[in-house]
Amino acid sequence: MAETTMEKIVSLCKRRGFIFQSSEIYGGLSGAWDYGPLGVQLKNNIRDFWWKEMTQMHDNIVGLDASILMHPKVWEASGHVANFTDPMVDCKQCKNRFRADQIDLTAACPNCGTKDSFTEPRNFNLMFSTHIGAVHDEGSTIYLRPETAQGIYLDFKNVVQSSRVKIPFGIAQVGKAFRNEITTKNFIFRSLEFEQMEMQYFVKPGSDEKWFSFWREQRMEFYHKMGITPSRLRWHRHGPDELAFYAKDAYDIQFLFPMGWQELEGVHNRTDYDLNQHQKFSGKDLSYLEQETHERYIPYVVETSAGLTRNVLMALSDAYTEETLEGGDVRTVLRFHPAIAPITVAVLPLVKKDGISELSEKLERQLREDFATFYDQGGAIGRRYRRMDEIGTPYCVTVDYQTLDDNTVTLRFRDSMEQVRVHLDDLVARIHLETKQYKRVEE
Ligand code: ATP
C-alpha cells in the first residue's frame, strides 16, 4: 500500500475541485482556504451527519446559530482577552516566527539554522479584532469569535425560557471561528478561518463526571459510525500543564494525520466557569431552577468541540488509498462512507447511441430526488469508473443494451469494484440499504 502523504492529498484536492488556496490569483493568502464544488459538498455532508447525530438522534439537544460578532465584554468574561494567547518567538536572523511551545528554544532556528537567534518569548493574543463604525477608538473594538461556544452560553437563558428543555440538555452549533494563528501549516489543519461543530451539555453539578464519560464514548462512536478507521483514532488526556485554566478535565480525540497524531476534537469538562463569569460580568442571573426539587444552581458544562474543516482533512486522509490492480494499473480511491461522499451515485451510459444516453439521463434525473448524482458519458467506461473512484463516489450505475430489454442496470461498488444487476424499480431502495449497511473493506 503506497504511503498517503499530504502532498498527494493537496494535489488531488486542487485537481478535482475539493479545496483551493484563498486568493490564489493574487499569490494566495496563507492560512485561508476555499472549498470547491466537491469540497463544499463533503464539508456540508460531514456537518449534516454531525447535526443529525446531535440534534435528531438525541432527544434533549437543540440547535442554535449565534452571531459571529458579540459584545466585547463577552471575551473579557470568558478570559480570552487576558488568556487566549500563544507564546511566540522570532528568529533575529531570518525573521521567521514560531510558537515557543512548538520548538526547542535551545536549538538552532529550524528555518535558517542560526544558533542563539531567538527573541525572548512574547505572548500573542489569537483573537482577530475589528471595529464597529467609522471611529477606530478602543471603545469600538470588537472581535471575530475564536470559538462558537460563547454564543451558546449567552443564549442559555433564552433557550431554557423558550424551549421545553430540562437539565441535562445540550445546545449544538456549527459555525465559523477565527484565530490569528502564528503558524498555519499542514494544509487546512490549522487555518485562520475555520469551522467548528460544538455542543455544550448543561448538567447538574455533581453529575458532570458521569456525563463527561458518556460524551467521550458517544464522540468516539460517532467517528466509527462515519466510517473512520478505528486504529487511526485515539484518546489523549490533558496533563496538568495542558489543561485550560477553567477546565476540570479534558480529553482530545486524536487522528493519525499524514503528519502524525494530532487533535481532531476536544471533550472538556468546563465546570460552571463560563456561566458564572457571564453572570458576573453581565449582572444577569444565569442560574437554573430545577422544577422537581426546587433547587437553584449554575449548571456544569460538558463540551464536545470538533473542527469541521479539520474533520474534512481527516475524512480525506483516511479515505485516500492507492491500489495496484491486476495488470499493474494503479487506481486512486477515496473510500468515503457513502453518507459523506460528495456524489453518491454516478449514472453512466455504456454507449451513447440507440436511446441509451436518453434513458440514462432520465434515470439520473429521477435519482436526484434521493441522492447527489452525476452524469458522465465521456470516454471509456473504465476511465469513467476511475474518475468516480478518485472523488469517492460509492456507486456507479451503468445503463446498457440489456436495460432496454429487462429494465435492469449494473450497480458497481467503489471499494470492491464488484458489479451486480439490479432492477430499476429496486435501485433506490438498494442504494439506501447499501449505504446503511456500509462497512469499509479494510486494506
Ligand atoms: P491547538 O492547541 O491545536 O491550537 P486548541 O486545543 O486550542 O487547538 P480548541 O480550542 O479545543 O483547540 O478547539 C476545538 C477544535 O477546533 C479543535 O479540536 C480543532 O478541531 C478545531 N480548531 C481549533 N483551532 C483551529 C484552527 N486554527 N484551524 C482549524 N481547526 C481548528
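Author: Happy to, and let's settle one term before we look at any packing: two residues are in contact if their C-beta atoms, placed from the backbone, lie within 7 Å. This is a predicted model, in which local features need pLDDT of at least 70, side-chain atom pairs count only at pLDDT 80 or more, and totals for chains, interfaces and linings use all residues. Residues are numbered from 1 along each chain as its sequence is written.

Reader: How far apart do the C-alpha centres of domain 1 and domain 2 lie?

Author: Domain 1 takes in 6-70 and 146-316, and domain 2 covers 343-436; these bounds come from an automatic or database domain assignment. The distance between the two C-alpha centres is 37 Å.

Reader: At what angle do helix α2 and helix α9 pack?

Author: Helices (H or I, at least four residues) and strands (E, at least two) are DSSP runs, numbered from the N terminus. Axes are lines fitted to C-alpha atoms, for helices over the stretch in contact, and angles run from 0 to 180 degrees between N-to-C directions. Helix α2 spans residues 37-56 and helix α9 spans residues 308-319; their axes are 10 Å apart, at an angle of about 110°.

Reader: What are α2 and α9 to each other, roughly parallel or roughly perpendicular?

Author: Angles under 35 degrees count as roughly parallel, over 145 as roughly antiparallel, 65 to 115 as roughly perpendicular and the rest as oblique. The angle between α2 and α9 is about 110°. The two helices are therefore roughly perpendicular.

Reader: Is the crossing of α2 and α9 left-handed or right-handed?

Author: A crossing is left-handed if the near helix is turned anticlockwise from the far one by less than a right angle, and right-handed if clockwise. For α2 and α9 the crossing is right-handed.

Reader: How do the residues of the contact of α2 with α9 divide?

Author: From α2 come L42, K43, I46 and R47, which meet L308, N311, V312 and A315 of α9. Ala, Val, Leu, Ile, Met, Phe, Trp, Tyr, Cys and Pro count as nonpolar, Asp, Glu, Lys and Arg as charged, and the others, Gly among them, as polar. The contact thus divides into 5 nonpolar, 1 polar and 2 charged.

Reader: Which residue of β6 stands opposite T85?

Author: Strand β4, residues 85-90, runs antiparallel to β6, and 4 bridges join them. The residue opposite T85 is N125.

Reader: By how many degrees are neighbouring strands of the 5-stranded sheet turned against each other on average?

Author: This open sheet has mixed pairing and the order β20-β19-β21-β22-β23. At its edges stand β20 (373-375) and β23 (419-423), each with a single partner strand, so one side of each has no neighbour in the sheet.

Reader: Which residue stands opposite L411 in β23?

Author: Strand β22, residues 408-413, pairs with β23 in the antiparallel sense over 5 bridges. Opposite L411 stands V420.

Reader: How many residues lie between β12 and β13 in their hairpin?

Author: Strand β12 (residues 249-257) pairs with strand β13 (residues 260-271) in the antiparallel sense over 9 bridges. I253 stands opposite E265. The count of residues between the two strands of the hairpin is 2.

Reader: Where is P168 found?

Author: A cis peptide bond joins I167 and P168, with omega about 5°. P168 is in the loop between α6 (156-162) and β9 (169-178).

Notes: Two strands pair if DSSP finds at least two bridges between them.
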